[in-house]
Amino acid sequence: MGVTKEKVEASLTSKMNPSHLEVIDTSGGCGASFVVEIVSEQFEGKRLLERHRMVNSALADEMKEIHALSIKKALTPAQWDQQKESNNTPSAS
Amino acid sequence: SLRCFSALTPELKTTLDKVVTSHKVVLFMKGTKEFPQCGFSNTVVQILKSLNVPFETLNILENELLRQALKDYSNWPTFPQLYIDGEFFGGCDITVGKLPL
């Protein structure tokens, strides 16, 4: 048995204090692979590689059992708001 | 057990310094560029091929010591691991996000 989605969420929440967090279990239930989207003030002033390293080390214990971790997004709150805005295309109706 | 200790001995570190600077682009991956054995490794191989840059690959599945040592050397827990100009560039997600396709 691998890691649960809840465990990944709990570790990231306590260590990264995210304003937005989405964890998707892509393993089909065995808990071996996850996709993560995370928005945190702690990413402020950090390069992408450094941000991914922060996520990896927040999950250091879980990584021993996780086969694959995909960090889809690691954004600051400002970047997240910007992205949401540009995605809000006016509806055609 | 062996796992409790860092696999990255000073000798191995010196060797890895040489390996990552031996070519402009070095990819540590699961499998080889001719036969990737993991979707993430395959993705990075396809990106590098599409860019027409020469690159060397090392199969970490064939060397467990290398695999463990690299995690410490790169401070990165998973594979593939891409090195450009002797510097760690990132894993699959960073490569997908940063290198033009």
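This note goes through the cysteines and some backbone features of a predicted model.

1. Ground rules. This is a predicted model, where local features need pLDDT of at least 70, side-chain atom pairs count only at pLDDT 80 or more, and totals for chains, interfaces and linings use all residues. Residues are numbered from 1 along each chain as its sequence is written, chains are lettered from A and ligands numbered from 1 in the order in which they are written, and side-chain values use heavy atoms, with hydrogens and water left out.

2. A search over all chains finds zero disulfides. The term means a pair of cysteine sulfur atoms within 2.5 Å. Take B:Cys38: the closest cysteine sulfur, in B:Cys92, is 7.9 Å away, which is too far for a bond. B:Cys92 is likewise in no disulfide.

3. Burial of these cysteines. Buried means under 20% relative accessible area, exposed over 50%, and partly exposed in between, with a 1.4 Å probe and protein chains only. B:Cys38 is buried, at 14% relative accessibility. B:Cys92 is buried too, at 11%.

4. The loop between α3 and β3 of chain B. Helices (H or I, at least four residues) and strands (E, at least two) are DSSP runs, numbered from the N terminus. This loop, between α3 (64-74) and β3 (81-84), holds B:Pro80. A cis peptide bond joins B:Phe79 to B:Pro80, with omega about 10°. B:Asn75 lies in this loop as well. Its phi is positive, near 55°, and it is not a glycine. B:Asn75 is exposed, at 51% relative accessibility.

5. B:Asp85 is not a glycine, yet its phi is positive, about 55°. At 53% relative accessibility, B:Asp85 is exposed.
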